[in-house]
Amino acid sequence: MRAIAEPYRIKMVEPIAMTTREQREAAIRAAGYNTFLLRSDDVYIDLLTDSGTSAMSDRQWSAMMLGDEAYAGARSFDHLVEAVREHYGFPYVCPTHQGRGAEHLISKILITPGQHVPGNMYFTTTRVHQELAGGTFHDVIIDEAHDPASQHPFKGNVDLAKFQALIDEVGADQIAYINVAVTVNMAGGQPVSMANLRAVRELCDRHGIIMWSDATRLAENAWFIKEREDGYAGRPVTEIAKEMLSHFDGITMSGKKDCLVNIGGFLAMRDEHILTKARELVVVYEGMPTYGGLAGRDLDAMAVGLREALDDDYLAHRIGQVRYLGERLRDAGVPIVQPIGGHAVFIDAAAFLDHLPQDELPAQALAAEIYLDSGVRTMERGIVSAGRDADGRHRHPKLELVRLTIPRRVYTNSHMDVVAESVIRVFERRKEIRGLGFVYEPPTLRFFTSRFEPLPTGSAAGEDRPEPALAHA
């Protein structure tokens, strides 16, 4: 296979500095062993997230200079609506400050307290908004999604039997909507097939259920359909993405991913009644319906980035860079989620640190250890991210992962080599790594701000508490 170089030239650079081991030890202690609490200046290569960390293009920066900052009726809003209609096929758009703003609005609009919300694996902020609105989340993803070693090409697929069983159990009228993520972040960036989307649509139509999507990484899902599903190899991603989204009644979108901007999001939908409700609520929580908490320049940059993210050459490099890092780790024996996803490489921390029980937070411990080794910042996606149930008990997800998330158009494969070498070094001395225990945790979305400390050798730190420890500093 021929090497794929970056489909762009570099016109501006941002210097980054390497730190010493001593500096990193002080930094991770000050951050409570939570990589989210590290200062950016203390990070060498930042793989914490691909959200809002993309490098924008010359066309996006040019569009920002033309942004219309009118409080109401700005032409920048019209540009975003035009782009969404052209490439996603939805007639109505309501901008928000970012993706979770859109999640908040749609949860309040569609969920009546006591209703149920099935989805193809939970996502942290999505589930919190659904629960705050009085809904109960149900995982209806296929079983292969919970197996890091499974080579199923579409591990994000909805299990139709699980979905039907929930309908039979609670009744279709008690299902607020089904939320289908494309791709599935918590499963390792795994895609959903076009055939599965059609089948879910048919089931929803039979029972009168709304079919919604977390479409944050839709371009990457479309690329995997092009690569893996019969009948799509010769089609451009723009066509595949539009067909994919044609099955949904609406989407929540974080523009900070597949719109290639640093801030922004939106709701897009077909139902004018939902649009009316969204506009009523966005005024309360975000801003005017034509700006939704964003500057006009942000709307213009998002409109341009939305188009650029569907470019086949860009996606070939994007997916190829993630695959390059994943294959380097896999070939060295590091256990990772397979097939390799589109936005990140996910290390199977449970297998990597098989001497640590899940209650000793192996993924959190591994993320801290990678930072200590090289200054590379990653993030936990396991028991800490899963949070606690209504009784205050830890949720124990089947996947205990560390996510190495690749920002778009930011790093070269030389950076990926540094990352790979660091993870491999840590893997070679993995038995030395100790678990972590909570020092402080908030009641929701605890992975953002919790603090931890290393456990004494031989201790058992994972006992459940009836309530989170909110008072500890």
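Helices α2 (58-65) and α12 each supply at least two residues of the lining of the largest pocket; helices (H or I, at least four residues) and strands (E, at least two) are DSSP runs, numbered from the N terminus. The model is predicted, so local features need pLDDT of at least 70 and side-chain atom pairs count only at pLDDT 80 or more, while totals for chains, interfaces and linings use all residues. Residues are numbered from 1 along each chain as its sequence is written, and side-chain values use heavy atoms, with hydrogens and water left out.

**Largest pocket**
- The largest pocket has a volume of about 1700 Å³, a volume being the space filled by probe spheres set on grid points joined across faces, edges and corners.
- A pocket is an open set of points on a 1 Å grid over the protein atoms alone, where a 1.4 Å probe fits, with protein on both sides within 12 Å along at least five of seven lines; lining residues have an atom within 4 Å of a point.
- Its lining comprises 38 residues, of which Glu-14, Ser-54, Ala-55, Arg-409 and Val-410 lie nearest the centre.
- Helix α2 gives the most to this lining, with three residues.

**Lys-155**
- Lys-155 is placed in the loop between β4 (136-139) and α6 (160-170).
- Lys-155 is buried yet has no salt bridge, and the nearest side chain of opposite charge, Asp-147, is 6.1 Å away.
- Buried means under 20% relative accessible area (1.4 Å probe, protein chains only); a salt bridge is a side-chain nitrogen of Lys or Arg within 4 Å of a carboxyl oxygen of Asp or Glu.
- Lys and Arg count as positive and Asp and Glu as negative, whereas His and the chain ends are not counted.
- A polar atom of the Lys-155 side chain lies 3.0 Å from the backbone oxygen of Asp-147 and 2.5 Å from that of Gln-338.

**Asp-258**
- Asp-258 lies in the loop between β7 (250-254) and β8 (265-269) and is buried, with a relative accessible area of 1%.
- The Asp-258 side chain reaches the backbone nitrogen of Leu-218 at 3.1 Å.
- Leaving aside neighbours within four places in sequence, Asp-258 is in contact (heavy atoms within 4.5 Å) with residues including Tyr-88, Leu-218, Met-253 and Arg-408.

**Helix α8**
- Helix α8 (residues 218-228) is mostly covered, nine of its 11 residues being buried.
- Among them are Leu-218, Trp-223, Phe-224 and Lys-226.
- The buried residues of α8 pack against α7 (194-207), α9 (237-245), β7 and α12 (312-331).

Technical notes. Buried < 20%, exposed > 50% of the residue type's maximum accessible area, 1.4 Å probe, protein only. Polar contact = N/O pair within 3.5 Å; in protein donor to acceptor, adjacent residues only side chain to side chain.
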